[in-house]
Amino acid sequence: MITLMFIINIIRLKSMLASLKRQGFKLIINGGDVFVSETLKDGSAKKLYDGVNQEDVFTTYDFNKKKYGRQIKKYGLLRKIP
């Protein structure tokens, strides 16, 4: 369930990242799958960060079979964000 506080925190985070980008910083997001997914959906990713370090983007886990594999679903993170 998305709460008002969650939305406010997302807006604050976007504001902070946008400010850092305007100052010329290169930014890599570590984790934050919900945030990254939302910024990809709303088209703001390119304005906020340069890359993502997220383990589960490329890997799936089957804990019952104790196996891992390649992620089939494409998240759009395999291409470089200009």
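Contact here means heavy atoms within 4.5 Å. The legends below describe a predicted model.

**View 1. Serine 44 and its contacts.** Serine 44 lies in the loop that joins α2 (33–42) to α3 (45–48). Beyond its neighbours within four places in sequence, serine 44 is in contact with Lys14 and Thr39. Serine 44 counts as buried because its relative accessibility is 13%, and buried means under 20%.

**View 2. The end of helix α2.** Glycine 43 follows α2 and has a positive phi, near 80°. Serine 44 belongs to the loop between α2 and α3.

**View 3. The buried side of helix α2.** Phe35, Val36 and Thr39 are the buried residues of α2. They lie on the same side of α2, because the arc they cover around the axis is only 95°. An α-helix has 3.6 residues a turn, so residues three or four places apart point the same way. The cover over the buried residues of α2 includes α1, β1 (28–30), α3 and β2 (51–53). One of these buried residues, Thr39, is also in contact with serine 44.

**View 4. A nonpolar patch on the surface.** Ile2, Leu4, Met5, Phe6, Ile7, Ile8, Ile11 and Val34 make up this patch, and together they have about 750 Å² of accessible area. Helix α1 (residues 4–22) supplies the largest share of the patch, with 6 residues.

**View 5. Isoleucine 2 within the patch.** Isoleucine 2 is one of the residues of the nonpolar patch and sits in the segment before α1. Its relative accessibility is 57%, so isoleucine 2 counts as exposed, the cut-off for exposed being over 50%.

Key:
Residues are numbered from 1 along each chain as its sequence is written. This is a predicted model: local features need pLDDT of at least 70, side-chain atom pairs count only at pLDDT 80 or more; totals for chains, interfaces and linings use all residues. Side-chain values use heavy atoms; hydrogens and water are left out. Patches are made of residues with over 30% relative accessible area and no salt bridge: like charges are joined within 9 Å, nonpolar side chains (Val, Leu, Ile, Met, Phe, Trp, Tyr) within 5 Å. Accessible areas come from the Shrake-Rupley method with a 1.4 Å probe; for residues, only the protein chains shown count as cover. A salt bridge is a side-chain nitrogen of Lys or Arg within 4 Å of a carboxyl oxygen of Asp or Glu. Helices (H or I, at least four residues) and strands (E, at least two) are DSSP runs, numbered from the N terminus. Buried means under 20% relative accessible area, exposed over 50%, partly exposed in between (1.4 Å probe, protein chains only). The arc is that of the directions from the helix axis to the C-beta atoms.
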